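I opened a new page for this structure. These are my entries, in the order in which I looked things up.

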Amino acid sequence: MARKVRVLIAKPGLDGHDRGAKVVANALKDAGMEIIYTGLHQTPEMIAESAVQEDVDVVGLSILSGAHMTMFPRVMELMKEKGAEHIVVFGGGIIPPEDMDKLKEIGVARIFGPGTNTGDIVTFLRERFPEE
Amino acid sequence: MTARPGIDRLLELFAEGKVAAAARLITILENGGEDAERILDSVFHRTGDAYRIGFTGPPGAGKSSLLNRLTGRFREKDHRIGIIAVDPTSPFTGGAFLGDRIRMQAHSADPEVFVRSLASRGSLGGISNCTDEVIDLMDAFGKDLVLIETVGVGQSELEIAEKAHTVVVVLVPESGDGIQAMKAGLMEIGDIFVMNKADHEEAESAAREIQDTLRLKDIPEGEWEPMVVLTSAREDTGIVELVEAIEEHRRHLEVGGHFASMRKKILRSRVRNALMDRMERRLRQSVRVRDFLEQRMESVYKGEISPYRVVRELEGLVSIQ
């Protein structure tokens, strides 16, 4: 069996708008990837532990609450502690351009803003994981 | 991507109890091949202790929510738990949406609970083809209870019966009337039947119907009589009773010596399956077989010889002595 790209899609924090996360999860599933969807209200600890247990290649975080500057770094820090710093992290949501730069600096691979075509996210991941 | 540790290093980290290493080894098992066999060769001597409980039933019956509640009770008893949650792979795109973790949130930060979502990847039996191997790995990792959740099943995805010591069939009042329950398949593999969503007004009568159907079966002296338990995962009722039922079934297996014979049965079927897989792969990969088939198919197309004759001829070519 060929290697499948495994992606964890999670919604950290308190905001309850998961439509975007679900649309992305569905598009990636249709592109032949295995999506682990963990639902709403995830703490960084839950996300990091799930990502490690599931041995995902990618974590996608959807944040609309404005808490991105705490959530992204914390999740990445915890994954590193657990020996999973190789996992690619990308994000979606409403994130101001100046924060986007800061997030890239700490290692977030890409941020997709509102209006992103799901095809762009699929292309991004396919380029990142060409073996599948 | 950064360099990843090789299998030897992963096995060392695994022996030290590192979750990330165990998780990576599971991925390699899922992908199969020589590396997967190397892992199994190396951990197999540490397996055989975990008690395996299978949960099956129709989609939406509440299997994940029930597992979430049960895990809480088992943790109170200091069990170390592995959970394997299988969801279907799309036969069209090969992708999968694995959503069982959504309902298992209560334990996602507990390091003693190791949840792994598996896509069925083309297997039709309600679980993934590598379920046995993932159970082995969790077992060798020190999990003493392994809970396996199948995809939402209909009446014929019954492979879990070959893998689990205790099979729990989770039903809901809407699962169908007594006639549905009499149909072959699902009703024949349960050691315990759970009528979930017990808050539903029809639940008690549905549970009675299941009980009545089960009574129609002739159970030989000393064999297990399937139990029916009413639960509500949402309201957290009946969970203690379900734990007791599972423990009672386990005692029955242990006292009656069934446990040892089940282990042998599971291992025999694994050897058989592995052998069949290997033979099939070798047949598919054999150039000699392919050339032979290509050559003989012309005669089959023309109606000169039957498909069975081709197979007989082929058997002569590849016979195992």
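**Entry 1: one residue of chain B**

Leaving aside neighbours within four places in sequence, which residues is B:Thr131 in contact with? I looked this up in what is a predicted model. I found B:Ile84, B:Ile148 and B:Lys163 in contact with B:Thr131. I place B:Thr131 in helix α5 of chain B, residues 131-140. Buried or exposed, B:Thr131? I count B:Thr131 as buried, because 27 C-beta neighbours lie inside 10 Å, and 20 or more are needed for that. I also checked B:Ala260, which is 129 residues from B:Thr131 along the chain. The C-alpha atoms of B:Thr131 and B:Ala260 are separated by 20 Å.

**Entry 2: chain B as a whole**

I noted twelve helices and eight strands as the secondary structure of chain B. The C-alpha trace of chain B spans about 65 × 55 × 40 Å along its principal axes. Of the 321 residues in chain B, 40% are buried. I then took the contacts in chain B between residues at least 6 apart in sequence, and 73% of them join residues at least 24 apart.

How is chain B divided into domains? I have domain 1 as 1-46, domain 2 as 47-255 and domain 3 as 270-318. The centres of domain 1 and domain 3 of chain B, taken over C-alpha atoms, are 35 Å apart.

**Entry 3: helix α2 of chain B**

Next I looked at helix α2 of chain B, residues 19-31. At 1.5 Å a residue, its 13 residues should span 18 Å, and its end C-alpha atoms are 19 Å apart, so the two values agree. How many of the 13 residues of α2(B) are buried? I found ten, so the helix is mostly covered. Among the buried residues I listed B:Ala20, B:Ala23, B:Arg24, B:Leu25 and B:Glu30.

What covers the buried residues of α2(B)? From chain B, the cover includes α1 (7-15), α3 (34-43), β4 (113-119) and α5. Helix α2 of chain A is also included in that cover. Just after α2(B), I noted B:Gly32 with a positive phi of about 70°.

**Entry 4: a residue of chain A with neighbours in both chains**

I followed helix α2 of chain A and picked A:Val52, which lies in it. Why does A:Val52 count as buried? It does so because it has 26 C-beta neighbours inside 10 Å. A:Val52 and A:Lys82 are 30 residues apart in sequence, and 7.3 Å lies between their C-alpha atoms.

**Entry 5: where the chains meet**

How many residues does each chain give to the contact? I have 26 residues from chain A and 31 residues from chain B. On the side of chain A that touches chain B, α1 (19-30), β2 (34-37) and α2 (44-53) each supply at least two residues. The largest share of that side, six residues, comes from α2(A). By class, I noted ten nonpolar, seven polar and nine charged residues on the side of chain A that touches chain B.

β2(A) and strand β3 of chain B, residues 96-98, pair in the parallel sense over three bridges. A:Glu34 stands opposite B:Ala96 in β3(B).

**Entry 6: chain A as a whole**

I noted five helices and five strands in chain A. Along the sequence, they follow the pattern β-α-β-α-β-α-β-α-β-α. The C-alpha atoms of chain A fill a box of roughly 40 × 35 × 25 Å, taken along the principal axes. I compared chain A with a compact globule of 132 residues, which would have a radius of gyration near 14 Å; chain A has 13 Å, which agrees. Buried residues make up 49% of the 132 residues in chain A.

**Entry 7: strand β4 of chain A**

Which residues lie on each face of β4(A)? I have A:Val88, A:Phe90 and A:Gly92 on one side, and A:Val89, A:Gly91 and A:Gly93 on the other. Strand β3 of chain A, residues 58-63, runs parallel to β4(A) and is joined to it by six bridges. The bridge partner of A:Leu61 in β4(A) is A:Gly91.

Note on methods. Residues numbered from 1 in each chain as written. Chains lettered and ligands numbered in written order. Predicted model: local features only at pLDDT ≥ 70, side-chain atom pairs only at ≥ 80, totals over all residues. Contact = placed C-beta atoms within 7 Å. Helix = DSSP H or I, 4+ residues; strand = E, 2+ residues; numbered from the N terminus. Nonpolar A, V, L, I, M, F, W, Y, C, P; charged D, E, K, R; others polar. Pairing = 2+ DSSP bridges. Rg over C-alpha atoms; globule rule 2.2 N^0.38 Å. Buried ≥ 20, exposed ≤ 12 C-beta atoms within 10 Å, placed from the backbone. Expected span 1.5 Å × (residues − 1). Domains from an automatic or database assignment.
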